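User: I'm new to reading protein structures. Could you walk me through how helices pack and how a core is put together?

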Amino acid sequence: MSRRIAFVTGASRGIGRATALALAQRGFDCALAARSVTGGEVHEYSPDAGRSLRIAMPGSLAQTAAEVRALGREALVLRLDLLDSSSIDQAAAGALEVFGRIDLLVNNAIYQGPGIMDRVLALDPARVEDILRANLSSQLRLVQHFLPGMLERKHGAIVNLVS
């Protein structure tokens, strides 16, 4: 098995982008997943307590994919929203359809919406549910998609990042 395949969430910027590029440099083809596919998409972001902005964040999967390809590796762009379980299922299925397997799952994406910087007593219970779903349940959902194949092949790794 000379070809290695990584699935990296949050690959449009930051740690996810850097991880995808480091893996490509080490010979991995990459399934890149995030909300920001082409750039310019507007998402809700909470820079501090009580403030929520709708802004276009820098970076995109298209940009990361171009950089992975420039390193001589294959890159697959997959839209994935941690609050949309169907997008998680579609991204996982798309990666498996194209690459046939995933050898390394890097669960890097995290919830960036309203409530993340709120004080505990000010947290809206609906936001707590979003945070838990995005930062725990969504990662578990991806593990459930890829772990069976890893167990069957007796090969693979899963890395879950938290901050």
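User: How do H1 and H2 pack, and at what angle?

Analyst: Two packed helices are described by the angle between their axes and the distance between the axes. Keep in mind that this is a predicted model. Here, helix H1 (residues 14-25) packs with helix H2 (residues 61-70) at an angle of about 15°, and their axes are 9 Å apart. Angles under 35 degrees count as roughly parallel, so that's what H1 and H2 are to each other. As for handedness, the crossing of H1 and H2 is right-handed.

User: Okay, and which residues in H1 and H2 meet?

Analyst: From H1 you've got Arg17, Ala20, Leu21 and Ala24, and they meet Thr64, Glu67 and Val68 in H2. Sort the residues of this contact by type and you get four nonpolar, one polar and two charged.

User: Now the core. Which residues in the largest nonpolar core touch the most other members?

Analyst: That core has 23 residues, and Phe7, Leu78, Leu80, Leu142 and Phe146 touch the most other members. At least two residues of this core come from each of these: strands S1 (4-9), S2 (28-34) and S5 (75-79), plus helices H3 (85-99) and H4 (125-153). H4 gives the largest share, six residues.

User: What does Leu80 touch?

Analyst: Leaving out residues up to four places away in sequence, Leu80 touches Phe7, Thr9, Ala33, Ala34, Arg35, Ser87, Ile88, Ala91 and Leu142. There's also another core, of 18 residues, lying apart from the largest one. Among its residues are Val8, Leu32, Ala34 and Val68.

Notes: Residues numbered from 1 in each chain as written. Predicted model: local features only at pLDDT ≥ 70, side-chain atom pairs only at ≥ 80, totals over all residues. Heavy atoms only, no water. Axes fitted to C-alpha atoms, helices over the stretch in contact; angles between N-to-C directions. Helix = DSSP H or I, 4+ residues; strand = E, 2+ residues; numbered from the N terminus. Parallel < 35°, antiparallel > 145°, perpendicular 65-115°, else oblique. Left-handed = near helix turned anticlockwise from the far one by under 90°. Contact = heavy atoms within 4.5 Å. Nonpolar A, V, L, I, M, F, W, Y, C, P; charged D, E, K, R; others polar. Core = buried A, V, L, I, M, F, W, Y, C linked by side-chain atoms within 4.5 Å. Buried < 20%, exposed > 50% of the residue type's maximum accessible area, 1.4 Å probe, protein only.
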